[in-house]
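Biologist: Shall we walk through this one together? Please show me the model, and then I'll ask about how its parts pack.

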Amino acid sequence: MTTIDVLIVDDDELIRVGLRAIVDAQPDLRVVGEAADGAEVPPLVARLRPRVVLMDVRMPSIDGIQATRRLLAASADPPRVLVVTTFANDEYVYEALRAGASGFLLKRARPAEVVEAIRVVAAGESLLFPAAIRRLAGAYGGRGGDGLRAARLTEREGEVLRLMAAGLSNPEIAERLVVGVETVKTHVGNVLAKLGVRDRTQAVIAAYESGFVVPTG
């Protein structure tokens, strides 16, 4: 069994203790370190090489947004970042996703949800909550207005991106478009490459930011 190493970053010691208890209770997860501020993250990541960072979004010195940006800029193969937040409808959360986080968790999430989220992002997937991201994009997103024209997406790639924004998985996209799952994976890979992003969350944020997908509801 491969163990997923996790770094916990939160200025609240009680939150860190709670998350550590949840993570360490799983046979395939292991907490390798803790930090109370975002400034501690890059050196800890360089030394401990965690696969997932649970990152508090609001911290007194270096917040989760800046810490995520620094982390992704400092490594060619950075860990996945899961933002941990008290409020889902928070500009800080949206900015952290824009900075490169793969998803977010509420601090009141059930232990099973925390564990599943860590496993999902460790596997290279995005923890995508389409309704929540749509609300965040509507409230805080910019409007570039170019519709991602510079990315030169094909018509089918554009369809796939819109379905990704709706929260559909690869099998669901394949069913909707009546194609094979491997074909969808190829299209998703092409979309990520053309947009210059590392995962589905970043692709969806780019789609909203550019006006290619318009938040509704």
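Modeller: Happy to! Keep in mind that this is a predicted model. Let's begin with helix 7 (residues 155-165) and helix 8 (residues 170-177), whose axes lie 10 Å apart.

Biologist: Are helix 7 and helix 8 parallel, perpendicular or oblique to each other?

Modeller: These two helices pack at an angle of about 130°. Angles of 65 to 115 degrees count as roughly perpendicular and those over 145 as roughly antiparallel. Helix 7 and helix 8 are therefore oblique.

Biologist: Which residues of helix 8 does helix 7 meet?

Modeller: From helix 7 come Arg156, Glu159, Val160, Leu163 and Met164. By class, this contact has 5 nonpolar, no polar and 3 charged residues. On the helix 8 side, the partners are Ile173, Arg176 and Leu177.

Biologist: Which residues touch the most other members of the largest nonpolar core?

Modeller: That core has 51 residues.

Biologist: How are helix 1 and helix 5 oriented to each other?

Modeller: Helix 1 (residues 13-24) and helix 5 (residues 111-122) pack at about 70°, with axes 10 Å apart. Since 65 to 115 degrees is the range for this class, helix 1 and helix 5 are therefore roughly perpendicular.

Biologist: What is the handedness of the crossing of helix 1 and helix 5?

Modeller: Leu19, Ile22 and Val23 of helix 1 make the contact with Pro111, Val114, Val115 and Ile118 of helix 5. The contact residues divide into 7 nonpolar, no polar and no charged. As for the crossing of helix 1 and helix 5, it is right-handed.

Notes. Residues numbered from 1 in each chain as written. Predicted model: local features only at pLDDT ≥ 70, side-chain atom pairs only at ≥ 80, totals over all residues. Heavy atoms only, no water. Axes fitted to C-alpha atoms, helices over the stretch in contact; angles between N-to-C directions. Helix = DSSP H or I, 4+ residues; strand = E, 2+ residues; numbered from the N terminus. Parallel < 35°, antiparallel > 145°, perpendicular 65-115°, else oblique. Contact = heavy atoms within 4.5 Å. Nonpolar A, V, L, I, M, F, W, Y, C, P; charged D, E, K, R; others polar. Core = buried A, V, L, I, M, F, W, Y, C linked by side-chain atoms within 4.5 Å. Buried < 20%, exposed > 50% of the residue type's maximum accessible area, 1.4 Å probe, protein only. Left-handed = near helix turned anticlockwise from the far one by under 90°.
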